[in-house]
Amino acid sequence: MAGSTFKTNPIDLIELLKDCHRGRLQLPDFQRSWVWDEDRIKSLIASVSRAFPVGALMTLETGGDVNFKPRPVEGAPADAKSVVPQSLLLDGQQRMTSLYQVTLRNQVVETVTPKNKKVKRWFYIDIRKALDPSVDREDAIVGVPEDRILRTDFGRQVVLDLSTSEREYEAMMFPLTQVFDWDKWQTGLFSYCLGNNQRLELLDTFNTFKNQVLENFKYYRVPVISLDKATSKEAVCVVFEKVNTGGKPLDAFELVTAMYAAEGHELRKDWYGDEGHKGRHQRLVDTLRPADSEAGILAGVSNTDFLQAISLFYTRERRREAEHAGKTGQDLPAVTGSRQALLNLPLAAYKKYEKQVEDGFIKAAKFLHMLHIYRVFDLPYQSQIVPLAAILADIGDAWEHEANRAKLVRWYWNGVFGELYGSAVDSRIARDFMEVPRWLQGGPEPTTVSEVIFRPDRLKTMRMRLSAAYKGVNALLMKEGAQDFRSGQKFDHTVFFGENVDIHHIFPQDWCKKRGIQPAVYDSIINKTPLSYRTNRILGGVAPSEYLAKLEKGDEKTPPIHRKQLDDYLRSHLIDPDILRKDDFEAFMADRQKRLLGLIEKATGKPAYTGDAPEEGVDVSGYDESEEADMIGSLSS
């Protein structure tokens with residue numbers, strides 16, 4: 001029967017803190033350490049002291065399908081570790097740990113100052129300030145050093161000494177370690193007043209403080225969203241991605257790490273390594289890494305990408321087992337790399353496929369280099385690496401056969417120019433993993449190939465370096481043998497990095513701007529091509545006829561280039577030399593669009609769409625090149 005798997009109910013703060021102390025309420029082991037600074041602690045205490053809300057908590061009942069390795073809240077007694085918790089705190093760790101350490105633990109609190117210095121603090125409430133309505137309550141919360149003496153003038157002057165109970169009474173500073181049990185402190189205050197002939201009105205002041213402030217702690221109730229043990233793994237993952245906003249959201253890898261930890265496996269160590277041990281992530285980063293670069297083409301492969309590829313193998317294995325058992329149709333489990341599948345990925349399956357999948361990613365790097373895609377920044381789709389790696393891991397050495405390699409290349413470019421891996425890719429990844437290997441064995445075309453329709457006008461709207469198809473055209477030009485205008489070198493791996501090759505304008509921006517040509521026109525991929533940094537500097541902002549003449553003439557640093565040879569260089573970029581030399585921008589754009597279209601048709605293995613039916617939607621106007629530069633800078637950093 002459908003129904004809610006959670007309930008919301010208020011619980012006394014003191015009971016929650018006692019549960020933390022006893023170990024009945026613990027944390028999932030992957031939760032990050034307690035990191036709240038002194039000012040945030042004071043703000044939290046001030047809110048509770050005024051009975052202000054500090055937000056709801058979220059807990060998960062233990063004993064269900066989601067089996068996390070627990071750990072007590074920071075500062076809990078050692079014997080709390082031996083307790084099997086009743087609930088795990090999914091959201092609210094920082095608040096509960098702060099309140100527990102300040103009020104119930106009765107030990108000095110380790111925290112950090114606003115200047116990020118580690119310190120030890122005892123926390124007090126200044127009774128007089130707390131009762132003064134003109135004083136901000138946070139100013140009434142005081143933190144003092146471990147010896148309970150507050151000094152100034154580089155430690156030479158004592159401004160507050162709370163090192164004994166009598167000095168606490170004298171200063172009317174109430175220790176927060178006794179906020180839930182103030183009888184002892186009150187009795188001491190009474191004796192202090194009588195023994196020192198102090199005015200009994202101090203007792204009246206304390207009684208007022210007790211009623212207006214301390215009672216708020218005693219009766220403070222916290223709303224708690226309690227997830228029962230039937231809560232699914234996917235629901236818990238959503239909690240960490242969407243609800244737990246106190247820090248960096250926790251993804252599926254974090255949750256799988258916690259579940260594997262309960263079985264004694266250190267998944268984080270597999271991925272990140274440790275001292276003396278290079279983790280899988282670094283091995284991927286180093287794959288085909290240029291000598292003068294920090295990372296190779298696989299640097300963007302995430303831990304969840306890796307798990308997703310393994311999940312494809314595991315779920316396919318389960319589907320095949322079901323088929324052998326006679327199941328059909330909807331009774332068959334899906335092949336998938338979805339988040340839910342990752343959360344259901346057994347440790348045994350991870351261990352079974354991890355080496356095979358890693359090898360698949362390394363083969364993917366070689367495949368991408370073969371296509372002249374060398375940098376993460378030039379990778380059309382990061383998401384397409386997952387099915388590529390999984391397919392290569394699945395077929396093994398068969399990818400080296402020329403016919404298979406040609407089909408893989410065609411599949412890859414259809415994914416790029418069909419722009420199929422931009423969003424909602426989980427189902428696409430799974431289909432390709434199942435369909436492409438069958439295609440290599442003589443089966444039907446995968447849907448990624450059969451469904452793609454490329455429209456010629458799309459070339460006019462490819463302006464952004466972040467566009468997959470834009471990056472694809474650039475790589476195709478290099479793959480097809482484009483030669484640098486100046487040196488005539490083809491852009492292999494060595495030249496690409498050694499000569500700092502990038503995409504540059506053919507009709508320079510300055511020339512276009514002076515003639516009133518809009519960025520939406522001159523910034524399209526039709527007017528761009530891969531060139532070395534030095535060559536682009538020679539081109540400058542002048543007309544093509546001028547910079548071509550400059551290249552032919554040469555200078556003290558660059559030898560002259562024969563006109564026929566330079567024309568050959570231009571043709572290798574699918575540029576008509578005669579049109580370019582006439583500085584005819586419109587003719588150039590029309591001619592090169594046709595040539596680039598032929599290049600894409602060759603790569604995808606199918607003709608472009610030539611019908612009249614308009615594409616859904618409209619092109620976004622108001623293109624701003626500076627905005628693109630900002631995005632590129634942000635991505636690169």
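Q: Which residues of helix H15 are buried?
A: This model is predicted: local features need pLDDT of at least 70, side-chain atom pairs count only at pLDDT 80 or more, and totals for chains, interfaces and linings use all residues. Numbering runs from 1 along each chain as its sequence is written, and side-chain values rest on heavy atoms, with hydrogens and water left out. Helices (DSSP runs of H or I, at least four residues) and strands (E, at least two) are numbered from the N terminus. With buried meaning under 20% relative accessible area, exposed over 50% and partly exposed in between (1.4 Å probe, protein chains only), the buried residues of H15 are Ile385, Val386, Pro387, Leu388, Ala389, Ala390, Ile391, Leu392, Ala393 and Ile395.

Q: Against which helices do the buried residues of H15 pack?
A: Ten of the eleven residues of H15 are buried, so this helix is largely enclosed by the rest of the structure. Counting contact as heavy atoms within 4.5 Å, its buried residues pack against H12 (303–324), H14, H16 (402–417) and H17 (426–440).

Q: Which parts of the chain does the pair of Phe174 and Phe206 tie together?
A: The search of the whole structure finds 27 aromatic pairs, that is, rings of Phe, Tyr and Trp (its six-membered ring) with centres within 6.5 Å, stacked if the planes are under 30 degrees apart, edge-to-face if over 60 and tilted otherwise. Phe174 and Phe206 form a tilted pair, 6.0 Å centre to centre with 40° between the planes. Both residues are buried. They lie 32 residues apart in sequence, so the pair ties together strand E11 (residues 173–175) and helix H7 (residues 201–218).

Q: How many residues apart are Tyr374 and Phe497?
A: The ring centres of Tyr374 and Phe497 are 6.2 Å apart and the planes meet at 55°, so this pair is tilted. Tyr374, at 4% relative accessibility, counts as buried. Tyr374 belongs to the loop between H14 (347–370) and H15 (385–395), whereas Phe497 belongs to H21 (residues 493–498), a separation of 123 residues.

Q: Which helix gives the largest share of the lining of the largest cavity?
A: The lining includes Asn414, Phe454 and Glu601, where lining residues have an atom within 4 Å of a cavity point, a cavity being points on a 1 Å grid over the protein atoms alone where a 1.4 Å probe fits but cannot get out. Four of the lining residues come from helix H28 (residues 585–604).

Q: Where is Met172 found?
A: Most residues other than glycine have a negative phi. Met172, not a glycine, has a positive phi of about 50°. At 0% relative accessibility Met172 counts as buried, and its place is the loop between H5 (165–171) and E11.

Q: Is Glu419 buried, exposed or partly exposed?
A: Glu419 lies in the loop between H16 and H17 and has a positive phi of about 50° although it is not a glycine. Its relative accessibility is 30%, so Glu419 counts as partly exposed.

Methods
1 Å grid on protein atoms, 1.4 Å probe; cavity = no way out; pocket = protein on both sides within 12 Å on 5 of 7 lines; lining within 4 Å.
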